[in-house]
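Subject: Structure handover

Hello,

Here is the structure I promised to pass on. Please look it over first, then read my notes below.

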Amino acid sequence: MQQNRQKTSGAELVTLRNVGKSYGRGSKRIEALRDINLSVREGEFVALLGASGCGKSTLLCIIAGLIRATEGEVLYRGQPLKGVNPHTTIVFQTFAFYPWLTVQENVEAALEPLGIPPLMRTKRALRLLDRVGLDGFETAYPRELSGEMGQKVGFARAMALEPELLCLDEPFSALDVLSAESLRAN
């Protein structure tokens, strides 16, 4: 795995020290990550490059607190990360929606646990759906969307949380060139 970064001078957001992740036990143990050291600062854009199966998705899940490292230390703003990182969202290559909710309701669902009032949730969801190019599809259901449209809903849902750190796990793979370029600009 290789990292590519654009330097800035912001405060440190996330720090990984000697992070490792293994799955299984004994002779069936598989080492997914070993001795990863990384820091990401405010305003930085960091890209993780590597072959399929090298651990990029696993690393993003560790940073987001979705899975725990089996070795090393993960710090967020200098504090040990315990559980899900509330300041980080992740957009996966594949997405999961509540199939019984509309596009707008799926975006709003990310905001409800934060205690954001319904009117503010609606306004934010509509603004973000427009921003990702889904104006007019607010009342559509996930089964009615193309893969590209679903990916855009995933972006809107992640951005609705206004995270300090946005992790993207091959999020542009389902998008055409123009849509991907438009979302990169946002």
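Helices (H or I, at least four residues) and strands (E, at least two) are DSSP runs, numbered from the N terminus. Just after α1, Gly 65 has a positive phi of about 80°.

Some ground rules. The model is predicted, so local features need pLDDT of at least 70 and side-chain atom pairs count only at pLDDT 80 or more, while totals for chains, interfaces and linings use all residues. Residues are numbered from 1 along each chain as its sequence is written, and side-chain values use heavy atoms, with hydrogens and water left out.

**Helix α1**

**Arg 124**

Arg 124 is in helix α3, residues 118–131. It is buried, at a relative accessible area of 14%. Leaving aside residues up to four places away in sequence, Arg 124 touches Leu 111, Ile 116, Ala 160 and Glu 162 (contact means heavy atoms within 4.5 Å).

**Second largest pocket**

A pocket is an open set of points on a 1 Å grid over the protein atoms alone, where a 1.4 Å probe fits, with protein on both sides within 12 Å along at least five of seven lines; lining residues have an atom within 4 Å of a point. The second largest one has a volume (the space filled by probe spheres set on the points) of about 640 Å³. Its lining has 28 residues. Thr 88, Thr 89, Ile 90, Ala 110 and Leu 161 lie nearest the centre. β7 (88–91), α2 (103–109) and α4 (147–160) each give at least two lining residues.

**Rings**

How many aromatic pairs does a search of the whole structure find? There is 1. Rings pair if their centres lie within 6.5 Å; planes under 30 degrees apart are stacked, over 60 edge-to-face, the rest tilted (for Trp, the six-membered ring is used). Tyr 98 and Trp 100 have ring centres 5.3 Å apart and planes at 50°, so the pair is tilted. Tyr 98 is partly exposed at 40% relative accessibility. Trp 100 is exposed at 59%.

Best wishes

Conventions: Buried means under 20% relative accessible area, exposed over 50%, partly exposed in between (1.4 Å probe, protein chains only).
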